[in-house]
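Colleague: I am new to this one. Please take a close look at a single part and tell me how its surroundings are built.

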Amino acid sequence: MSVTTQPKPLDGTGWIGKVLAGLILGAALAIGLMGILGLVFHADAQLKTAASQILRWFPGPVWGLVVAFSFLFRSPRQAWLTLVLVNAGVWVLFFLLHGVMA
């Protein structure tokens with residue numbers, strides 16, 4: 001006899017944990033991606049260049065999307081673990097690029 005389990009449906013439980021994961025780890029993710037793009041585009045502190053304008057407006061939409069999509073996780077634990085792993089990958093890539101390009 002085989003026992004099949006149904007995946008847990010998406011519901012409103014654990015929304016505070018999902019929101020906090022999206023807010024906290026989403027901000028770190030947006031900043032890490034901004035840093036990677038800054039290194040790739042060789043952005044400087046000149047506010048009138050195209051690269052710095054892209055970087056200036058980049059984190060807001062990314063952060064908002066991460067917060068919005070954090071509700072699609074099945075549990076707060078899954079949201080935290082997934083976003084921690086994505087953040088770790090982004091920040092490792094940032095520090096590797098920073099070390100190579102320095």
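Modeller: A contact means heavy atoms within 4.5 Å. By that rule Lys 18 touches Asp 11, Thr 13, Ser 70, Phe 71, Phe 73, Arg 74, Ser 75, Pro 76 and Ala 79, leaving aside residues up to four places away in sequence. The model is predicted, so local features need pLDDT of at least 70, side-chain atom pairs count only at pLDDT 80 or more, and totals for chains, interfaces and linings use all residues. Residues are numbered from 1 along each chain as its sequence is written, and side-chain values use heavy atoms, without hydrogens and water.

Lys 18 has 2% relative accessibility, so it counts as buried (under 20% relative accessible area, with a 1.4 Å probe and protein chains only). Buried residues make up 26% of the 102 residues in the protein.

Lys 18 sits in helix H1, residues 15-40. Helices here are DSSP runs of H or I, at least four residues, numbered from the N terminus. The axes of H1 and helix H4 (residues 76-101) come within 9 Å and cross at roughly 15 degrees. Axes are lines fitted to C-alpha atoms over the stretch in contact, with angles from 0 to 180 degrees between N-to-C directions. H1 is therefore roughly parallel to H4, a term for angles under 35 degrees. The contact of H1 with H4 involves 23 nonpolar residues, six polar and one charged. Nonpolar covers Ala, Val, Leu, Ile, Met, Phe, Trp, Tyr, Cys and Pro; charged covers Asp, Glu, Lys and Arg; the others, Gly among them, are polar.

The protein has four helices and zero strands. Its C-alpha trace spans about 65 × 25 × 15 Å along the principal axes.

Methods:
Helices (H or I, at least four residues) and strands (E, at least two) are DSSP runs, numbered from the N terminus. Buried means under 20% relative accessible area, exposed over 50%, partly exposed in between (1.4 Å probe, protein chains only). Angles under 35 degrees count as roughly parallel, over 145 as roughly antiparallel, 65 to 115 as roughly perpendicular and the rest as oblique.
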